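Me: I am new to this structure. Please show me how to read its features.

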Amino acid sequence: MLAVLIDPDKVTPLSLTYMVEKMKLMPPDFVFVGGSLIHESVDRVIQMLKTQMNIPVVLFPGNACQFSPNADAILLLSLLSGRNPEYLIGQHVLSACQIKRSKVEVLSTGYILIDGGKPTSVQYISNTMPIPHDKSEIAIATAIAGELIGNKLIYLEGGSGAVNPVSADMIETVRANISVPLIVGGGLRTEGDICRAYKAGADIVVVGNILEKNFELYESLLSVRNSF
Ligand code: 1GP
């Protein structure tokens, strides 16, 4: 499956309308909405998407403030690669009552940041260290721990705009060691990158940065999903 990531700060009303028109013709499986640092209203973008399209809109929040009761679901992320309690439980406590009151489906997600070759916003904002790019064994153990403590999804994240996406070897070995669905994102720019991620076992591939720069690429990137 393919998820298009929309960071509300990186779109204008005009660019969002353009993206929506394209996605209506060739729908992705999900639209994720969120970012590490957001000034714009997440809810405004979600309402626009929900009124225009019939595609599941999933919150991918950088913190507790990024909630909208109008989303279909939320990736409730625990940053398992880090050791910062704020992103393991603190932000969850802040948003728990609001989430429970809503009808938004909660998807408990073990979020694992992998070194993507340059410091990323997630790393800086969360004040955590990513797992080294070549340390698949640490990623495997972290993903297994995530599943054991009850996460329903595991997300291997290279960080938005990563120079090096998560390696095929890491995706493959993590996939072989967990039974919950595996999401992979961060620095996937080309059809080849996406194809490698699917072949290695990613269930959902997330693409954001490159489409923010050029949404014309959407059709060709989506075609990779259709070939699997
Ligand atoms: C980032 O995994 C997502 O959180 C997507 O990464 O923006 O690099 O596509 P890109």
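Reply: Start with a polar contact, a pair of N or O atoms within 3.5 Å. Here a polar backbone atom of Gly-186 is 3.1 Å from an oxygen atom of the ligand. For Gly-208, a polar backbone atom lies 2.8 Å from a ligand oxygen, and for Asn-209 a backbone N or O atom is 2.7 Å from one. The model is predicted, with local features needing pLDDT of at least 70 and side-chain atom pairs counting only at pLDDT 80 or more, while totals for chains, interfaces and linings use all residues. Residues are numbered from 1 along each chain as its sequence is written, and side-chain values use heavy atoms, leaving out hydrogens and water.

Me: Which classes of residue make up the shell around the ligand?

Reply: The shell has four nonpolar, eight polar and one charged residues; Gly counts as polar, and Asp, Glu, Lys and Arg as charged.

Me: How is a pair of aromatic rings described?

Reply: By the distance of the centres and the angle of the planes. Rings of Phe, Tyr and Trp (its six-membered ring) pair if their centres lie within 6.5 Å; planes under 30 degrees apart are stacked, over 60 edge-to-face, the rest tilted. The count here is seven aromatic pairs. Phe-60 and Tyr-111 form an edge-to-face pair, 5.8 Å centre to centre with 80 degrees between the planes.

Definitions and conventions:
Polar contact = N/O pair within 3.5 Å; in protein donor to acceptor, adjacent residues only side chain to side chain.
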